[in-house]
Amino acid sequence: MNQSKTKPAEGKLGIMIVGNGAVATTFMTGVFMARKGLTKPVGSMTQYDKIRVGKGQDKKYLKYDEIVPLTQLKDIVFGCWDVYPQNAYQAAMYAEVLKEKDIEPVRDELEQICPMPAAFDKNYAKRLDGDNVKQCNTRWEMVEMLREDIRRFKAEKECARIVVLWAASTEIYVPIEKKVHYRLADLEAAMKANDRKHIAPSMCYAYAALSEGAPFIMGAPNTTVDIPAMWELAEKTHMPIAGKDFKTGQTLVKSGFAPIIGTRCLGLNGWFSTNILGNRDGLVLDEPENFRTKEVSKLSTLETILKPDVQPDLYGHGNDEDTQYFHKVRINYYPPRNDNKEGWDNIDIFGWMGYPMQVKINFLCRDSILAAPLCLDLCLLSDLAARAGQYGIQRFLSFFLKSPMHDYTQNEEAVNNLYQQYTMLKNAIREMGGYEADEEID
Ligand SMILES: NC(=O)c1ccc[n+]([C@@H]2O[C@H](COP(=O)([O-])OP(=O)(O)OC[C@H]3O[C@@H](n4cnc5c(N)ncnc54)[C@H](O)[C@@H]3O)[C@@H](O)[C@H]2O)c1
């Protein structure tokens, strides 16, 4: 390893997951199975990807753990919270993502993971009605109880470090309110005043994690850590934050395909994306207020890749103001498909002399199979970032996220182009490994 200032990954890493649903159980089962040599962690960058370090004669291609000190799979300990009391084995069976034969070999490990009572408010996910829920009078009390959970878990499981990952349901859309969400002091005051309208339960998890010295990752589109008050807390506690929304199926395709159109200077009239999905996530997203959160996250992808203001001839068509192409995203709850989501993209492009063409993409994916490796990578890399002394928004993790965080108060734009995001990821790994970040992001 090169001259890196990153601290070694000594001891156990506790991964505490909010939610014990399809994504969380597929992630945990896969890690346990891989640890026993019964499966391969396919799709995980931290386990497979090789990147170049050095140039010219010094050039070599190395796996991430040959560049930076990463936590090994054997050193991970899992814990979780959920509104439903079923243990991780029961929850994995209920989710029906994995076949029984892929769960049974690690049944013992999964049965030991029993969800702690959730910090929950039914107004934020009306379709859920489990009773494994904390009784608290205020949001501040919620935070205190979660902090206690984290401390207890860390001590009982003898973990050296903790990462908290949100893989729970999408909450209803919480519009950003300057008076509450911009300053840490205001956020804390609102928690103490039990302002349930502006303080989502997810914010209590994030606050608790950061205060206990644990990085926090938002895997749903919730605005939880996407507010200046949380950035302030992350700076104060020197903890990394990442979000939001795992970039798995349709948006992965979108952020990979849109650059083809942009790079060849083809025009775009419209992009219509629709999905059918039948798992509990689909059920929650069937509620318009919850879907709104997802819609905002999914819509943001194209705007920074195909820019109407930079190329008005190519991208300045379509919507009411006639300034941009049409972009529509729909998710339809359709139980027969369970976790096996089907997505359709219809892309109306145009070429030489404005002649129209169409591209159709039909992605028959498996939601949680795509999300699980992202969970692993986001947890390992957030832990790495903390050991490297990085804190606040971790832009290099945008690669894994549908709606990457960025400082919108400074008019900073998010990077959505998959290849630019990959460059950011590689540069960050190089830097944390003591090499030069030697690729330009253009
Ligand atoms: N699978 C994907 O491809 C993908 C992609 C992007 C984002 N996501 C997001 O990941 C999240 C998890 O997806 P999933 O398919 O596992 O959903 P799921 O419904 O199977 O699991 C979510 C679990 O979270 C629990 N929960 C809800 N609120 C909670 C709270 N306040 N505290 C503790 N637990 C709580 C629910 O009871 C449920 O068991 C969703 O928000 C989804 O939108 C998934």
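The legends below describe close-up views of a predicted model.

**View 1**
The protein is divided into domain 1, covering 12-246 + 368-432, and domain 2, covering 250-364. Taken over C-alpha atoms, the centres of domain 1 and domain 2 are separated by 26 Å. Domain 1 puts 28 residues into the contact, and domain 2 puts in 25 residues. On the side of domain 1 that touches domain 2, the residues are 12 nonpolar, eight polar and eight charged.

**View 2. The shell around the ligand.**
There are 36 residues around the ligand, and Gly19, Gly21, Val23, Ala220 and Arg280 come nearest. Two or more residues of the shell are given by each of helix 1 (22-35), strand 4 (76-82), helix 12 (280-285) and helix 15 (367-387). Helix 15 provides the largest share, four residues. By class, the shell around the ligand has 20 nonpolar, 11 polar and five charged residues. The ligand lies between domain 1 and domain 2, because both domains give residues to the shell around it.

**View 3. Packing of helix 6 against helix 9.**
Two packed helices are described by the angle between their axes and the distance between the axes. For helix 6 (residues 139-156) and helix 9 (residues 201-211), the axes cross at roughly 45° and come within 8 Å. Helix 6 is therefore oblique to helix 9. The crossing in which helix 6 passes helix 9 is right-handed. On the helix 6 side are Arg139, Met142, Val143, Leu146, Arg147 and Ile150, which meet Pro201, Cys204, Tyr205, Tyr207, Ala208, Ala209 and Ser211 in helix 9. In this contact of helix 6 with helix 9, 10 residues are nonpolar, one is polar and two are charged.

**View 4. Packing of helix 9 against helix 10.**
The axes of helix 9 and helix 10 (residues 228-237) cross at roughly 15° and come within 9 Å. This angle is under 35 degrees, so helix 9 is roughly parallel to helix 10. Helix 9 passes helix 10 in a crossing that is left-handed. Helix 9 contributes Ala206, Tyr207, Leu210 and Ser211 to the contact, and helix 10 contributes Met230, Leu233, Ala234 and Thr237. The residues of the contact of helix 9 with helix 10 comprise six nonpolar, two polar and no charged. Tyr207 and Ser211 of helix 9 take part here and also meet helix 6.

**View 5. Packing of helix 1 against helix 4.**
Helix 1, one of the elements that give two or more residues to the shell around the ligand, packs against helix 4 (residues 88-95) at an angle of about 115°. The axes of helix 1 and helix 4 are 9 Å apart, and the crossing is left-handed. Ala22, Thr25, Met28 and Thr29 of helix 1 make the contact with Ala88, Ala91, Ala92 and Ala95 of helix 4. By class, the contact of helix 1 with helix 4 has six nonpolar residues, two polar and no charged.

**View 6. Backbone geometry in two loops.**
Gly243 and Lys244 are joined by a cis peptide bond, with omega about 0°. Lys244 is in the loop between strand 8 (240-242) and helix 11 (250-263). Glu158 has a positive phi, near 55°, in a residue other than glycine. The loop that holds Glu158 is the one between helix 6 and strand 6 (159-166).

Key:
Residues are numbered from 1 along each chain as its sequence is written. This is a predicted model: local features need pLDDT of at least 70, side-chain atom pairs count only at pLDDT 80 or more; totals for chains, interfaces and linings use all residues. A residue is near a molecule or strand if its C-beta atom, placed from the backbone, lies within 6 Å of it. Ala, Val, Leu, Ile, Met, Phe, Trp, Tyr, Cys and Pro count as nonpolar, Asp, Glu, Lys and Arg as charged, and the others, Gly among them, as polar. Domain bounds come from an automatic or database domain assignment. Two residues are in contact if their C-beta atoms, placed from the backbone, lie within 7 Å. Axes are lines fitted to C-alpha atoms, for helices over the stretch in contact, and angles run from 0 to 180 degrees between N-to-C directions. Angles under 35 degrees count as roughly parallel, over 145 as roughly antiparallel, 65 to 115 as roughly perpendicular and the rest as oblique. A crossing is left-handed if the near helix is turned anticlockwise from the far one by less than a right angle, and right-handed if clockwise.
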